[in-house]
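Trainee: Could we go through this protein together, one question at a time? I would like to learn how to read it.
Mentor: Gladly, let us look at it first.

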Amino acid sequence: VTQALESAAAVLTGAAVPTAPTLRIAALPTVAGGLLVQAIARLRERRPHAGISVRIGDNPELLAWLKSGEADVAVGRMAEPATMQGISFELLYAESLAVVTRPQHPLAIAGNKPVSPRTLLDYPLVVPGTGTAPRHDVEGFFAAHGAVLPAGAAETQSVSVARALTLISDAVWITPQHPVQLDLDRRWLRRLNV
């Protein structure tokens, strides 16, 4: 009872710490480490006490969390119109693929010299998982150059796994631009001129 009275007195006198609601964000793994962290940093500057909860999932999960009320906002990809019913959406950006390696990779040491898509097949590849929009883009990229994505490529939706494989080996990571932008800006990874 005493704690309740003290708490009520603090609210009435303005001494209580204001509480802010938690913004529940659902995001694809490919946007979580790039675009989303930049938005969260800007939100923190404007509203330092705002609570933020981030949940990572694939596009169908994001839509399900939005529809069930488990997420307030989602950063994902455009889906089939039937699955987007009842959801307001806004196009934030168009994303291109980036082909990246560690700075000491044999293809990166050559400087900004153009690299043919077929040359990439001589190295272990790290690509998005089967059935995802980025994977479709990677397969289309190779098909446009008369090549097929090799069966031995490492497939993952995990940015941290792909990043680590790229940093410790001669792997070539083909990914949407946003997940690697911070690493490129800090020169931890190198974008190839493909």
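Trainee: How many helices and strands does the secondary structure of the protein come to?
Mentor: This is a predicted model, in which local features need pLDDT of at least 70 and side-chain atom pairs count only at pLDDT 80 or more, while totals for chains, interfaces and linings use all residues. Residues are numbered from 1 along each chain as its sequence is written, and side-chain values use heavy atoms, with hydrogens and water left out. Helices (H or I, at least four residues) and strands (E, at least two) are DSSP runs, numbered from the N terminus. Counted that way, the protein has eight helices and eight strands.

Trainee: Is the protein a compact globule or more spread out, and what is its radius of gyration?
Mentor: The radius of gyration is taken over C-alpha atoms, and the globule rule is 2.2 Å times the number of residues to the power 0.38. For 194 residues that rule gives 16 Å, and the protein is well over this, so it is more spread out than a compact globule. Along the principal axes, its C-alpha trace spans about 75 × 40 × 25 Å. The radius of gyration is 22 Å.

Trainee: What percentage of the residues count as buried?
Mentor: Buried means under 20% relative accessible area, exposed over 50%, and partly exposed in between (1.4 Å probe, protein chains only). Of the 194 residues, the buried share is 33%.

Trainee: In what order do the strands of the open sheet of three stand?
Mentor: Two strands pair if DSSP finds at least two bridges between them. Strands E2 (51-56) and E3 (73-75) are at the edges with a single partner strand each, so one side of each has no neighbour in the sheet. The pairing is parallel, and the order is E2-E1-E3.

Trainee: Why is E7 described as largely enclosed, and how many of its residues are buried?
Mentor: Strand E4 (residues 97-101) pairs with E7 in the antiparallel sense over four bridges, and strand E5 (residues 125-127) runs parallel to E7 with two bridges. Two bridge partners in E7 are Ile 174, for Val 99, and Val 172, for Leu 125. E7 is largely enclosed by the rest of the structure because its buried residues number five of the five.

Trainee: Is His 178 buried or exposed, and what is its relative accessible area?
Mentor: His 178 sits in the loop between strand E7 (172-176) and helix H8 (181-185). Not counting residues up to four places away in sequence, His 178 touches Thr 30, Gly 34, Leu 35, Tyr 93 and Glu 95. His 178 is buried, with a relative accessible area of 19%.

Trainee: What is the relative accessible area of Asp 183?
Mentor: Asp 183 belongs to helix H8. Beyond residues up to four places away in sequence, Asp 183 touches Arg 163, Trp 188 and Leu 189. Asp 183 is buried, and the value is 6%.

Trainee: How far apart in space are Val 194 and Pro 117, C-alpha to C-alpha?
Mentor: Val 194 lies in the segment after strand E8 (190-191) and is partly exposed, with a relative accessible area of 38%. Leaving aside neighbours within four places in sequence, Val 194 is in contact with Val 99, Val 115, Pro 117, Leu 120 and Phe 141. Val 194 and Pro 117 are 77 residues apart in sequence, and their C-alpha to C-alpha distance is 6.4 Å.

Conventions. Contact means heavy atoms within 4.5 Å.
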